[in-house]
Amino acid sequence: QATGCTRVVDVGAGQGHLSRFLAFGLGLSVTAVEGDGRLAGAAERFDRELLRELHKTGGSGPPRRRHPPQPRSPLTPRGPQHIPGRLDPVLPWGEFLLPPNPPAPAARNPLGGPGGAADGARVLVTGLHACGDLSPALLRHFARSPAVAAVASVGCCYMKLSTPPGYPLSSWVSALPGHELSYRARESACHALEHACHALEQYRGRLGGGSPRLRAHCYRAVLETLIRGARPGLRRPGVQTVKKAHALSFPQYARLGLPRVGLDPASIPLDSDAVGTMLEQQHKVVAFFSLTLLLAPLVETLILLDRLLYLRERGFHCALVPLFDPRFSPRNLVLVAARCPLGTVLAGLEEEDGSEDE
């Protein structure tokens, strides 16, 4: 509303959930750009399913499950346009589209007109949980492309930032002594908050009650120690979360985790005295993780304020908005920026969220 844009470009759109809401729910013209061609194909299938549902219900959307029935808002029967392609942070806005991964026939860039879109209209660019360097790339495109009227960015995966140029962005932080952030610090800022995504109060309750869920932290530490022993050259082993790890014995947990990094559980002693000694150090692992959890918001704040300062140094109107309860998602800080004043917009957000303590 502040920029007068009715066209949105959603970069890193994934399976198109945000794009679908903006198009069908708000009636905006949406172009969804996704670097994984398989996800773009899945997004189109979801669109078709929703269109079929709209035809059945006459445009009012699927029936709600809650009772009593609530009034429904009509949905616009026009979905987003999905473009498989990756963002090139160096090329100009109208030429930024690179082939997707896996490769597919090159799509014509719909944003290659003299303005922000093919017909010259200016656009609002958004990236929801735009991973790693994708968020800084969006901000750079906004900063140097008059065709982009505004940007709304929610970052993610800070450990995948290149340092530099993904961090720091601003001249102010670049000149700050000790501004460097290690991979471990950036990883903690992302993953530590996700582990405690149901708020610090819940984690505090686990600590106070000696919850068995705390066991998972020690399990993960011991498993990584065993992996490093078997493969000394392997850095940052990508072991995904094992569901309900706290309910398993360590050998059961390890037998699920080791194959994920290509190791045979039978080749590693899982019930040795050395493993038992490490498992007895659970209290130290939990203490270390708790300190990490306390420091994680500081690291994330530094990264996000660096992005805010980068835009302010270039004269743009911008703000970091805590848009919703972090218990819903720990990535709740949205960086909004525009070429026009945002005071009215931000005042409206404060009125809507007046009951929340920022």
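Helices here are DSSP runs of at least four residues, numbered from the N terminus. The model is predicted. In it, helix 2 spans residues 37-57 and contains arginine 52. Arginine 52 has a relative accessibility of 48%, so it counts as partly exposed. A surface patch of positive charge includes this residue. Its members are Arg45, Arg48, Arg52 and Lys56.

Aromatic contacts were examined next. A pair of aromatic rings is described by the distance of the centres and the angle of the planes. The search of the whole structure found 4 aromatic pairs. One of them joins phenylalanine 142 and phenylalanine 316. Their centres lie 4.7 Å apart, and the planes make an angle of 50 degrees. This pair is tilted. It links distant parts of the chain, 174 residues apart. Phenylalanine 142 sits in helix 3 (residues 134-144). Phenylalanine 316 sits in the loop between helix 10 (282-313) and strand 8 (317-322). Phenylalanine 142 counts as buried because its relative accessibility is 1%. Phenylalanine 316, at 12% relative accessibility, also counts as buried, since buried means under 20%.

Tyrosine 219 and phenylalanine 250 form an edge-to-face pair. The distance is 5.5 Å centre to centre, with 70 degrees between the planes. Tyrosine 219 belongs to helix 7 (residues 215-230) and phenylalanine 250 to helix 8 (residues 250-257), so the pair ties together parts 31 residues apart in sequence. Both tyrosine 219 and phenylalanine 250 are buried. Together with Tyr253, Tyr219 and Phe250 make up one aromatic cluster.

Definitions and conventions: Residues numbered from 1 in each chain as written. Predicted model: local features only at pLDDT ≥ 70, side-chain atom pairs only at ≥ 80, totals over all residues. Heavy atoms only, no water. Patch = residues over 30% accessible without salt bridge, like charges linked within 9 Å, V, L, I, M, F, W, Y side chains within 5 Å. Areas by Shrake-Rupley, 256 points an atom, 1.4 Å probe, with all protein chains shown as cover. Salt bridge = Lys/Arg side-chain N within 4 Å of Asp/Glu carboxyl O. Lys, Arg positive; Asp, Glu negative; His and termini not counted. Charge placed at Lys NZ, Arg CZ, Asp CG, Glu CD. Helix = DSSP H or I, 4+ residues; strand = E, 2+ residues; numbered from the N terminus. Buried < 20%, exposed > 50% of the residue type's maximum accessible area, 1.4 Å probe, protein only. Phe/Tyr/Trp six-rings, centres within 6.5 Å; stacked < 30°, edge-to-face > 60°.
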